Amino acid sequence: MFLTHLSLKNYRNYKQEDIEFTNNINVILGENAQGKTNMMEAIYVLAMAKSHRTTNDKELIRWDEEYAKIEGRAIKRNGPLSLELIISKKGKKAKSNHIEQQKLSQYIGQINVVMFAPEDLHLVKGSPQVRRRFIDMEIGQVSPVYMHDLSQYQKILQQRNHYLKLLQTKQQHDETVLDILTQQLIELAAKITLKRHEFLQLLQKWAEPIHYEISRGLEKLQIKYHPSVNVSEKMELSRIIEAYSEKFVTIKEKEIDRGMTLAGPHRDDISFDVNEKDVQTFGSQGQQRTTALSIKLAEIELIFSEIGDYPILLLDDVLSELDDFRQTHLLDAIRQKVQTFVTTTSIDGIEHDVIKEATIYKVSSGYISNR
């Protein structure tokens, strides 16, 4: 798939821009704070209906404006696609081929993107929250059902936490409501856990040989899932539900004492082992970067294997973070098969033919032009 056209209105520092793109490599060139990353973010938001940089949608709207609008036209394996997303202070409205989508979970995944930015190194080094967000966003691209289940889980989790607070402070004494919310939470938690297991097994399948190649055959990568309940990838849904039920029985009093939900997908984590050592704790910076690069390249292949179309790749100021060998490996991997957007302050020093063949765009103060 590839994005042929992008239109921005009142988005961040863009008042009104319309850009046509090639289906190969598009380089967005400009100094810092001119709008390069905003352009990449807009493509990501068009695909995912949320930003990778902020959870506050109001930040996406240009100063003193009421709304922001992103429109895009794409070509997919099964034909052309038109997308529109309006972000206002009241919420979001999404259209696909001019038809309004009642739920954002129905809209997400119509175009697929893989974002690789310097902060993605935090996938390895950062908090569990960063890794949970990564899992959720990537599964959501290939499974609208997952996004729906996750959204419902988060709503019930909020209600359950609120009720636990009431029990903790003795404003409520009836535990029946808690038991009902717990059962609802368990059903969704089990589905989410099962899907995460399946996704991470697929990611492992693609990432392991990629990492082996980038490390010149010296390193074996393993991705490990650490759910907050004792379940394995071999368990069926019914057994995972049982495991959650047993867990919530044993921690019920503790949850009331603490006033919060102490188990569930919102407390899961994943880890990356290189040659059987946790790369977060024991890995060098080079190993951590190779791991992050391997995961991103694996995402591309995983999405292709699931939907039959390569995703759009967004490389936001990341080439300068990679040494020549990793840079070359990345550019060789995407050549002639993945539409790629690259932001950089300069292409000097990047000798790869892929960049020499690219279409160059210049960004300055929220205006973009084809150089």
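How are α9 and α10 oriented to each other?

**View 1. Helices α9 and α10 pack together in this predicted model.** Helix α9 covers residues 285-307 and helix α10 residues 324-334. Their angle is about 5°, with axes 11 Å apart. The two helices are therefore roughly parallel to each other (angles under 35 degrees; over 145 is roughly antiparallel, 65 to 115 roughly perpendicular, the rest oblique). Axes are lines fitted to C-alpha atoms over the stretch in contact, and angles run from 0 to 180 degrees between N-to-C directions. Helices are DSSP runs of H or I, at least four residues; strands are E runs of at least two.

**View 2. Side by side, α9 meets α10.** From α9 come G286, Q287, R289, T290, L293, L297 and I300. They meet R326, H329, L330, A333 and I334 in α10. Contact means heavy atoms within 4.5 Å. The contact residues divide into 6 nonpolar, 4 polar and 2 charged (Asp, Glu, Lys and Arg are charged; Ala, Val, Leu, Ile, Met, Phe, Trp, Tyr, Cys and Pro nonpolar; the others, Gly among them, polar).

**View 3. The largest pocket holds about 1300 Å³ of space.** A pocket is an open set of points on a 1 Å grid where a 1.4 Å probe fits, with protein on both sides within 12 Å along at least five of seven lines; lining residues have an atom within 4 Å of a point. Volume is the space filled by probe spheres set on the points. The lining has 42 residues; K50, R133, D136, M137 and Q154 lie nearest the centre. Helix α5 gives the most, 10 residues.

**Notes.** Residues are numbered from 1 along each chain, and side-chain values use heavy atoms, without hydrogens or water. Local features need pLDDT of at least 70 and side-chain atom pairs 80 or more, while totals for chains, interfaces and linings use all residues.
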